[in-house]
Amino acid sequence: MTISTAIKDPDFYTDLESLSRLRYKATGFDFLPSQPINSLLTGRHVSKLRGRGLNFEEMRHYQMGDDIRTMDWKVTMRTGKPHVKIFSEERERNVYLLIDQRMSMFFGSQGKMKSVVAAELSALIAWNVIASTDRVGAIIFDDESALTVAPHRSVNHVLKLLSQLVVKNHALHASDSAASKSSSFAGFFEQAQRLVKHDGLVIIITDGYGYTADNEDAIKKLCQHNDVIFCHVTDPLEHELANLGTVAFSDGAMQVAVPSDDALFREKFSYDVVTAIASFAALARRYRIPMLKFNTIEESDLQLRAALGRKVGK
């Protein structure tokens, strides 16, 4: 497939028109504190979204990442163990989309590229957020830089955000893979800390590659004063390299043959991917961050509704 053909293929690159049309599919899910009982945003490990509103919700033991200002000192003194008060969020808030458009996202084996799925998820969430009277902003980052869009609430603002996202998406090119830098996560988190202040909802849409222990402090700071959600986008081929014999990969100009039937190669490939995914999942568990999983095969809007506990089609 030539590059010129790939540019027109919606599975390779997204465009503003298709992202705009997702406005009419951005229903049947939300990120409000009250979630359906089967939502991934509820449960023992991934608590539903809460904030510092006026409605008292519960008293519980202090956990790493809790805001020290919510400490109930009377209960702490009486029980001898630190306790915090949890209040439900009742006012409008800023929602920040941290959108990964690095070279590692320019991959897809059967359906769409991970970068396209990330763009579609961003569009669906952005349209949904402004419909619920919240404000949406974004940081769109690639291997070299990060573009910041301050939060606002309007249709024109979302269109501007999506336009910037399309520019980043179209800048991806297979021939640039050699120049990708796995350390780009670090610079992105620094910019996120400058944009995101307090009491916001931070939705990180990424494949998680490039995360290192050096980034943990930045995640910890984000979690201290904001709700954080991971949208983890992966491709089926990353989980298990099929035994297809010698597989040829091409960027349209060059081609490389990969011996997928080589046991040692498959073991090393699986180890690298599994380790990267496991590290990202462990980070989410450590800071009680809900992690929603997405693939490159199913429709993005259906996956989003399923992840947030709504029945498909509602």
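Figure 1. At 0% relative accessibility, Ser115 counts as buried (buried means under 20% relative accessible area, exposed over 50%, partly exposed in between, with a 1.4 Å probe and protein chains only). This is a predicted model, where local features need pLDDT of at least 70, side-chain atom pairs count only at pLDDT 80 or more, and totals for chains, interfaces and linings use all residues. Residues are numbered from 1 along each chain as its sequence is written, and side-chain values use heavy atoms, with hydrogens and water left out. You'll find Ser115 in helix α4, residues 114–131; helices (H or I, at least four residues) and strands (E, at least two) are DSSP runs, numbered from the N terminus. Which residues does Ser115 touch, not counting those up to four places away in sequence? They are Phe12, Gln101, Met105, Phe106, Asn169 and Leu172, where contact means heavy atoms within 4.5 Å.

**Figure 2. Helices α4 and α5 side by side.** Two packed helices are described by the angle between their axes and the distance between the axes. Here the axes of α4 and α5 come within 10 Å and cross at roughly 170 degrees. (Axes are lines fitted to C-alpha atoms, for helices over the stretch in contact, and angles run from 0 to 180 degrees between N-to-C directions.) That makes α4 and α5 roughly antiparallel to each other; angles under 35 degrees count as roughly parallel, over 145 as roughly antiparallel, 65 to 115 as roughly perpendicular and the rest as oblique. On the α4 side, look for residues including Ser115, Ala119 and Trp127, and on the α5 side for ones including Val155, Leu162 and Asn169. The residues of this contact divide into eleven nonpolar, three polar and no charged. (Ala, Val, Leu, Ile, Met, Phe, Trp, Tyr, Cys and Pro count as nonpolar, Asp, Glu, Lys and Arg as charged, and the others, Gly among them, as polar.)

**Figure 3. The six-stranded sheet.** The strands of this open sheet run in the order β5-β4-β3-β6-β7-β10, with mixed pairing; two strands pair if DSSP finds at least two bridges between them. At the edges sit β5 (146–152) and β10 (291–295), each pairing on one side only. On average, neighbouring strands of this sheet are turned by 15 degrees against each other, direction ignored. Helix α5 (residues 155–170) lies across β3, β4 and β5, running at about 10 degrees to β4.

**Figure 4. Strands β3 and β4.** These two pair in the parallel sense over seven bridges. One spot to look for is Asn94, which stands opposite Arg135 in β4. Six of the seven residues of β4 are buried, so β4 is largely enclosed by the rest of the structure.

**Figure 5. Strands β6 and β7.** β6 (residues 201–206) and β7 (residues 227–234) pair in the parallel sense over six bridges. Val202 stands opposite Val228 in β7, and Ile205 stands opposite Cys231. How many of the eight residues of β7 are buried? Eight of its eight are. In a regular strand the side chains alternate between the two faces of the sheet. Both faces of β7 are covered, with Asp227, Ile229, Cys231 and Val233 on one side and Val228, Phe230, His232 and Thr234 on the other.

**Figure 6. Helix α7 and its buried face.** In α7 (residues 216–225), the buried residues are Glu216, Ala218, Ile219, Leu222 and Cys223. Seen down the helix axis, they fall within an arc of 160 degrees, so they line one face of α7; the arc is that of the directions from the helix axis to the C-beta atoms.
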